[in-house]
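This briefing covers selected side-chain arrangements, grouped by topic. Please consult the sequence and the structure shown below while reading.

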Amino acid sequence: MLTRALRRLPAVLAGLGLVASPIAEAGTPTPRGAVDPFIGTGGEGHTFPGAVAPFGMVQLSPDTNTTCEIRKCYSHAAGYRYEDPTIQGFSHTHFSGAGHSDLGDFLVMPVSGDVVPLEPGDAAKPGSGYRSRFSHDSEVASAGYYAVTLTDPGVRAEMTAGTRIGVHRYTFAKDRAAHLVFDLRTSLYNYPSKVSWSSIRLRPDGTLTGGRETRGWAPGRKLFFAMRFSRPLTGHEFRNTETDVPYRGFKGPGRTGSDIAELKGRAIVARLDFGRIDAPLEIKVGLSTVDEDGAIANLASEPGNFDAIRHKTELAWDKALSALDIQAAPKMQRTLYTALYHALMAPSVLSDADGRYRGPDDQIHRADGFTFRSTFSLWDTSAPNTRC
């Protein structure tokens, strides 16, 4: 359907006084520079500024508030709201332009120094948790890339994404210990007990894997992750903060959250330690609806470091957006190319690199000769072309 629509674009654009042309030749300017991912992030636009590839499974973006519950979360349907003064963390899945919400899976937040809070804290009280203040002056967003400086930990955070992976890059001060908070409890359009089950496991090779099942726009939705780091872990803590559980089952090996390799429960948060580091820390995350091994395989399917993945995704956006050659004033180009950018985020890839995917029947299927997609949103997905 989308392909047929794109084929009709020349006739439609001709009626608007615009021109559709072939893909731009290598070395010529591309429309990617006209895209402004901040359009729609203010007011009730419900878009996000983070990194995503065309139709990508991963939408890696900052969340300014995931602590609200259900209908009070309407203003944060995409996780990020331009007016907010703090960033709570960076999660890997987001809707764009929708009036309802969900997702916000697997939130990561860098923390520096000797004290690592495991709760987000109050946005009105700096230092009360792991969330951080930031300035829009430090933000950069383009198709396939996002960056911001987090004021409180003094960390430069950068994001990019491939088709089935997201890549973080954090630059810490050399004289302060580097940590990550990895929170499996948070969601967009949240409510108590939304997370039915979650797990985290540190494998012998240093890969962190796990997953969770949530109840929201899709009941019993399962998503798995695999995470690899450019620096070795120097320590960790896995904690289950679930309360009012009279019996958690027989305790496995290990006395504390710092000497266990695996934890399961409904309210898991992790502290990941890297010590003092003299180079940026890169974190590569693969997702899968099938299982942990599928997430690991998706990681392997897109090799390369942060810059390599960013370059590949930017080329993909150059090709996708260059389907249109818009002869118009710069403001009109900005509006139209950004609208096209938003339209090419979904339907998002759902099948793994090997074709497997989890269907609505909760069974594993294989897409043979095609790519299975999800997020076919046909309701409330246009956003105003303003920030506020």
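The side chains of R169 and D307 are joined by a polar contact of 3.2 Å. The model is a predicted one.

- R169 is located in strand 10, and it counts as buried because its relative accessibility is 12%, below the 20% cut-off.
- Beyond its neighbours within four places in sequence, R169 contacts R156, A157, E158, P280, L281, E282, F306 and D307.
- R156 lies 13 residues from R169 along the chain, and 8.1 Å separates the C-alpha atoms of R169 and R156.

**Aromatic pairs**
- The structure contains nine aromatic pairs.
- One of these is the tilted pair of F106 and F182, with 6.4 Å from centre to centre and 45° between the planes.
- This pair connects distant parts of the chain, 76 residues apart: F106 is in the loop between strand 4 (89-91) and strand 5 (107-112), while F182 is in strand 11 (residues 178-183).
- F106 is buried at 0% relative accessibility, and F182 is buried with a relative accessible area of 1%.
- Y145 and F306 form an edge-to-face pair, because their ring centres are 6.3 Å apart and their planes stand at 80°, over the 60 degrees required.
- This second pair also links distant parts of the chain: Y145 in strand 8 (residues 145-150) and F306 in helix 4 (residues 306-321) are 161 residues apart.
- Y145 is buried, with a relative accessible area of 7%, and F306 is buried, with 0%.
- F106 and F182 belong to one aromatic cluster together with F225.

**Charges over rings**
- Y145, which pairs with F306, also has R310 over its face, at 3.6 Å from the ring centre.
- The charged end of R373 is placed over the ring of F55, at 5.2 Å from its centre.

**Helix 3**
- Which residues of helix 3 (residues 292-301) are buried? They are E292, G294, A295, I296, N298 and L299.
- The partners against which the buried residues of helix 3 pack are strand 10 (165-171), strand 12 (195-202), strand 13 (208-214), strand 14 (221-229), strand 18 (281-288) and strand 20 (356-358).
- Strand 10, one of these partners, is also the strand that holds R169.

Note on methods. Residues are numbered from 1 along each chain as its sequence is written. This is a predicted model: local features need pLDDT of at least 70, side-chain atom pairs count only at pLDDT 80 or more; totals for chains, interfaces and linings use all residues. Side-chain values use heavy atoms; hydrogens and water are left out. Rings of Phe, Tyr and Trp (its six-membered ring) pair if their centres lie within 6.5 Å; planes under 30 degrees apart count as stacked, over 60 as edge-to-face and the rest as tilted. Helices (H or I, at least four residues) and strands (E, at least two) are DSSP runs, numbered from the N terminus. Buried means under 20% relative accessible area, exposed over 50%, partly exposed in between (1.4 Å probe, protein chains only). A charge sits over a ring if NZ of Lys or CZ of Arg is within 6 Å of the ring centre and within 35 degrees of the ring normal. Contact means heavy atoms within 4.5 Å. A polar contact is a pair of N or O atoms within 3.5 Å; within protein, one must be able to donate a hydrogen and the other to accept it, and residues adjacent in sequence count only if both atoms are side-chain atoms.
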